[in-house]
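Student: I have a structure open and have not looked at it before. Could you walk me through it?

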Amino acid sequence: GCMHALNALRIVRRTSGSGRLAIIGDGPLRAELSSAVRRMEVPCEFLGSQPAEAVRSWMNQAAMVCVPSVTAPSGASEGFGMVSLEAQASGRPVVGFRTGGIPETIIEGETGLLAPAEDDEQLAECIVRFLRDPEFRRDAGRRGARRVAETFDLYRQTRELESIYGALLGETHC
């Protein structure tokens, strides 16, 4: 979905005059995306694959994290929005598409904002809303960090999973 992020950035800059993008990760679309950045004349930095510490550092510098996941032609989609949770854990609100597992990780209007799948205009509106309202952006980041800590804690999730397994095993021995 990086092309959607670029399209949204172009719209954001046209309407608000600001915004830049850093893309972490690499893949077969990089040359196409680099070409699009030059054509669109938008400020975008391609950082390639980065270690976890660098990703955290970039997230901590970001106003928000954009997760424009799309459904692939094969039908594959984001199984679970781990990047979205990592961003929220670092206190950053998330904008993205309402696709795959992303909506499971974001409370709409509280920890992030979601646009319909592949709707660049709506994605841009979500970004602009956070850019124009720093208090809303900070509050969403705080709510997201609190939610991730409370809901997605590894030990809590492990206990819940063990409880489910225990219940299933108990039922099979009856």
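Tutor: We can begin with the chain as a whole and then turn to single residues, keeping in mind that this is a predicted model.

Student: OK, how many helices and strands does the chain have?

Tutor: The chain has eight helices and five strands, and read from the N terminus the elements follow the order α-β-α-β-α-β-α-β-α-β-α-α-α.

Student: And what does the C-alpha trace span along its principal axes?

Tutor: The C-alpha trace spans about 65 × 40 × 30 Å along those axes, and the chain exposes about 10000 Å², of which carbon and sulfur atoms supply 53%.

Student: What share of the residues is buried?

Tutor: Of the 174 residues in the chain, 36% are buried. As for how the chain folds back on itself, among contacts between residues at least 6 apart in sequence, 58% join residues at least 24 apart.

Student: Let's pick one residue, then. Where is Asn-7, and is Asn-7 buried or exposed?

Tutor: Asn-7 is located in helix α1, which covers residues 2-16, and Asn-7 counts as buried because its relative accessibility is 15%.

Student: What is Asn-7 in contact with, apart from its sequence neighbours?

Tutor: If neighbours within four places in sequence are left aside, Asn-7 is in contact with Met-40 and Asp-120. With Asp-120 there is also a polar contact, made between the two side chains at 3.0 Å.

Student: Switching topic: how many disulfides turn up in the whole structure?

Tutor: A search of the whole structure finds zero disulfides. Cys-126, for instance, is in none, as the nearest cysteine sulfur, belonging to Cys-66, is 9.0 Å away.

Student: Are Cys-44 and Cys-126 buried or exposed?

Tutor: Cys-44 is buried, with a relative accessible area of 17%, and Cys-126 is likewise buried, with a value of 9%.

Student: What about charged pairs, how many salt bridges are there?

Tutor: The count comes to four salt bridges, and I can take you through some of them. In general, side chains of opposite charge can pair when their charged atoms come close.

Student: Which residue does Asp-139 pair with, and how are the two placed in the helix?

Tutor: Asp-139 forms a salt bridge with Arg-142, their closest N and O atoms being 3.1 Å apart. Both are in helix α7, residues 134-151, and because they are three residues apart there, about one helical turn separates them. Asp-139 is partly exposed at 25% relative accessible area, and Arg-142 also counts as partly exposed, at 49%.

Student: Where else is there a pair like that?

Tutor: In helix α8, Arg-156 and Glu-160 are four residues apart and so are separated by about one helical turn, and they form a salt bridge in which the closest N and O atoms are 3.2 Å apart. Arg-156 has a relative accessible area of 34% and is partly exposed, as is Glu-160 with 38%.

Student: And which residue does Asp-26 pair with?

Tutor: Asp-26 forms a salt bridge with Arg-30, where the closest N and O atoms are 3.3 Å apart. Asp-26 is exposed, with a relative accessible area of 52%, whereas Arg-30 is partly exposed, with 29%.

Student: Last topic, backbone angles. What is phi of Glu-41, and where does Glu-41 lie?

Tutor: Phi of Glu-41 is near 55°, a positive value in a residue other than glycine. Most residues other than glycine have a negative phi. Glu-41 lies in the loop between α2 (30-40) and β2 (44-48), and with 69% relative accessibility Glu-41 counts as exposed.

Student: What about Glu-118?

Tutor: Glu-118 is another non-glycine residue with a positive phi, near 60°. Glu-118 lies in the loop between β5 (112-115) and α6 (120-132), and Glu-118 is partly exposed, with a relative accessible area of 45%.

Technical notes:
Residues are numbered from 1 along each chain as its sequence is written. This is a predicted model: local features need pLDDT of at least 70, side-chain atom pairs count only at pLDDT 80 or more; totals for chains, interfaces and linings use all residues. Side-chain values use heavy atoms; hydrogens and water are left out. Buried means under 20% relative accessible area, exposed over 50%, partly exposed in between (1.4 Å probe, protein chains only). A polar contact is a pair of N or O atoms within 3.5 Å; within protein, one must be able to donate a hydrogen and the other to accept it, and residues adjacent in sequence count only if both atoms are side-chain atoms. Contact means heavy atoms within 4.5 Å. A disulfide is a pair of cysteine sulfur atoms within 2.5 Å. Accessible areas come from the Shrake-Rupley method with a 1.4 Å probe; for residues, only the protein chains shown count as cover. A salt bridge is a side-chain nitrogen of Lys or Arg within 4 Å of a carboxyl oxygen of Asp or Glu.
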